[in-house]
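Dear colleague,

Please read them alongside the model.

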Amino acid sequence: RTPSHENMIADIYGDDPLALQEISAQDAGAFQKTWEMVEVKPSETADIEQFTIRVDREKAALSGVSSADVAAVLRRLYDGETLGRMHPEGEANPVPVRLLIPRRYQIGVNELSRAFVSGTGGQRVPVSALVKIERGWAERVIQRKNGARVVYVGGELGASAPAYAVLDLDNRLQGLTLPNGEQLNTGNLGLNPQTVDATGGY
């Protein structure tokens with residue numbers, strides 16, 4: 001998310017997403033050490049763990065369970081299910097009737113042994129025995145400004161004037177040694193806007 005209410009915002013441009021993440025953390029640290037800085041909000045969020053659940057067709061077949069039935073149970077658990085439609089009095093169009101488990105009551109991927117699907121012989125088979133769980137990380141949102149990849153660090157000042165904080169930050173950030181050995185270049189702090197050129201570094 002792009003900070004919108006802060007009275008100081010640093011735009012950090014570059015091509016390498018990992019480098020931008022590291023620079024964002026360094027800049028956020030510099031913001032936090034600025035006099036009268038009461039809140040710092042980087043747009044770079046923490047990594048979000050993501051799980052992909054795939055039906056193991058071979059195990060399902062051996063258990064006498066169809067892959068479609070396993071997928072249907074998973075949809076009910078996490079996405080809900082439309083049971084039908086109703087036409088409330090006074091409404092012009094019918095509305096769907098959905099069965100949905102509130103998120104706080106949904107079971108985690110490590111608890112799928114508590115959910116069951118019925119086999120052809122009537123036996124109840126735990127879903128955990130019929131799926132493969134792949135662990136990964138959600139893709140980060142790519143933000144762009146003026147055609148270049150960008151992340152933001154926003155800060156809110158207390159009683160201090162933004163002009164003094166900008167000069168202080170510029171003095172501390174200009175030439176800052178980055179994790180990859182390059183140096184950070186600051187700019188666009190004057191009255192005349194500058195065109196961003198991230199081809200030569202950060």
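Helices (H or I, at least four residues) and strands (E, at least two) are taken here as DSSP runs, numbered from the N terminus. On that basis the protein chain has 4 helices and 10 strands, and its elements, read from the N terminus on, follow the order β-α-β-β-α-α-β-β-β-β-β-β-β-α.

This is a predicted model, in which local features need pLDDT of at least 70 and side-chain atom pairs count only at pLDDT 80 or more, while totals for chains, interfaces and linings use all residues. Residues are numbered from 1 along each chain as its sequence is written, and side-chain values use heavy atoms, with hydrogens and water left out.

Of the 202 residues in the protein chain, 29% are buried, where buried means under 20% relative accessible area, exposed over 50%, and partly exposed in between (1.4 Å probe, protein chains only). Taking contacts (heavy atoms within 4.5 Å) between residues at least 6 apart in sequence, 66% join residues at least 24 apart.

One backbone detail concerns Glu36, which is found in the loop between helix H1 (17–32) and strand E2 (37–42) and has a positive phi of about 70° although it is not a glycine. Most residues other than glycine have a negative phi. Glu36 counts as partly exposed because its relative accessibility is 30%.

Among the side chains, Arg124 lies over the face of Phe116, at 4.2 Å from the ring centre; the criterion is NZ of Lys or CZ of Arg within 6 Å of the ring centre and within 35 degrees of the ring normal.

Best regards
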